[in-house]
Each structure stands twice: as structure tokens, then as C-alpha cells.
Amino acid sequence: MAELSAATQSPSVSSSSGAESSAPGGGGGSPGACPALGAKSCGSSCADSFVSSSSSQPVSIFSTSQVHDLIFWRDVKKTGFVFGTTLIMLLSLAAFSVISVVSYLILALLSVTISFRVYKSVIQAVQKSEEGHPFKAYLDVDITLSSEAFHNYVNAAMVHINKALKLIIRLFLVEDLVDSLKLAVFMWLMTYVGAVFNGITLLILAELLIFSVPVVYEKYKTQIDHYVGIARDQTKSIVEKIQAKVPGIAKKKAE
């Protein structure tokens, strides 16, 4: 009887051992399976490895779509906050020195954080709770910049710097006479602008234009494009007349 019961139990034992050998982590697992881990552990570990590998890639602070939505007032609260904050900052710089503005901003920020820290500490002492530091979630955030991300940002910046250097050399060494004359006329006009406005005032005007012109253009796009086309045609005809009267440019165009 003992032999009969052992014989009847042996198929189940062998089948269970065969199932264990075919489980994830066995030698005959599918490619890419995590060895010596269950299905749940494998999924979580693979997800963690994917997140860690993707987090090493540099992420831009503001994407093009975010900037577009910001200047076109898609989110009124967000755009209003950014516009109001930067405008107050520029107006403060126009009235006070940079050192004073930075010092007052840091003092205001410290006043808010210290007051909130003391308030939470008093509440925890009264309620006898152990919630911990109120800014613990922010203190634990990893804000380190990897060397790879830093080099990627530097390489991206070097591309624009090299383009700017080539443009400066081309304009100042008069590779194209018309472009150099355009720069000269623009700088001559800027002397009059500089006599009326200073740098901070120009930044304030630039911000007002950035947050107002795109919205106006989106609303009156057809009419603005019509008048811009007329002005472009007039400018093009004037440039062609100038090029025809200058011998060097006319010869260059003919070649």
C-alpha cells in the first residue's frame, strides 16, 4: 500500500517540480526575463531600471508648447502669475538697486518659510504629534545635475554660441554689404532709443509686448498679415533699388 501511494503521488511531485523549473527565472525563460525573480518583482525591477535610465536624460525646464501656452494666455492664472511676478521684479529693479531687490526677495522668502516652520512646530507641540519637518518632502528631492546632463546643456549652448559668432564675423567683416548696412541703421536708431529709455525700461516694454502682441495677432491675424505683406513688398522693392545702384552688389548678384 505504501508503494502504491508513493506511486500515485510521484506524478504530482514531478509535475510540480517541472512547473517550478519552467517558472520565471529558470534557464528556459523568455529573453529579457529577470532571473531569480517572480513576475511581480520582475515587473517592478524592470520598471525601476527604466525610470532610472530615463531620468539620466536631460529634461528641458520649459518646452516650446509650455512657452506658447504661456504667452497666449491659455491658462489665465498661470500666465497672470508669471506676468505679474516678472513685472513687479522689473519695476522694483527700475526703482531700486539690484542688491536691494535681491536682498528684499530673500528676506521675504525666509520670512515665509521660517514663519511656517515655527507655526508647524508649535502645532505639533500642542497636539503632541510627530509629523516631522514640514518641508521634508522638498528636502528629499534630488536636485543634483549629472555630468552627462551638464555636458548636453553645454553642447546645446555651444551650437547657438558658434552661430552667433559666425553671424557677428559676417556682419562686421561686411560679407554682405546690405546686411551690414541694416545693422548700421539699426544701431543708429538704437542710439536714439538709448537716449530716451534705459535697459530696465526696455525690458519692461519687451515683457508687455511679449504678453500682449501674440494675443492681438491671434485675434486679428488676417488684417495684420495683409498690412505686413504690403510693408514687406515695399521694403523688398527699396532693397532691390539700392542693390541695383551699388555696383559691387549688382555684380555679385549677376555672378
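Where does Val174 lie? Val174 sits in the loop between α7 and α8 (177–196). Helices here are DSSP runs (H or I, at least four residues; strands are E, at least two), numbered from the N terminus.

This is a predicted model: local features need pLDDT of at least 70, side-chain atom pairs count only at pLDDT 80 or more, and totals for chains, interfaces and linings use all residues. Residues are numbered from 1 along each chain as its sequence is written, and side-chain values use heavy atoms, with hydrogens and water left out.

**Positive phi**

Most residues other than glycine have a negative phi. Val174 has a positive phi near 55°. Lys128, also not a glycine, has a positive phi of about 55°. Lys128 is in the loop between α5 (98–127) and α6 (136–139).

**Accessibility**

Buried means under 20% relative accessible area, exposed over 50%, and partly exposed in between (1.4 Å probe, protein chains only).

| Residue | Relative accessibility | Class |
|---|---|---|
| Lys128 | 77% | exposed |
| Ile168 | 45% | partly exposed |
| Val174 | 42% | partly exposed |

**Surface patch**

Ile168 belongs to helix α7 (residues 147–172). Ile168 is also one of the residues in a nonpolar surface patch, with about 870 Å² of accessible area together. Other members include Leu145, Phe150 and Phe172. Patch residues have over 30% relative accessible area and no salt bridge; nonpolar side chains (Val, Leu, Ile, Met, Phe, Trp, Tyr) are joined within 5 Å, like charges within 9 Å. A salt bridge is a side-chain nitrogen of Lys or Arg within 4 Å of a carboxyl oxygen of Asp or Glu. Areas come from the Shrake-Rupley method with a 1.4 Å probe; for residues, only the protein chains shown count as cover.
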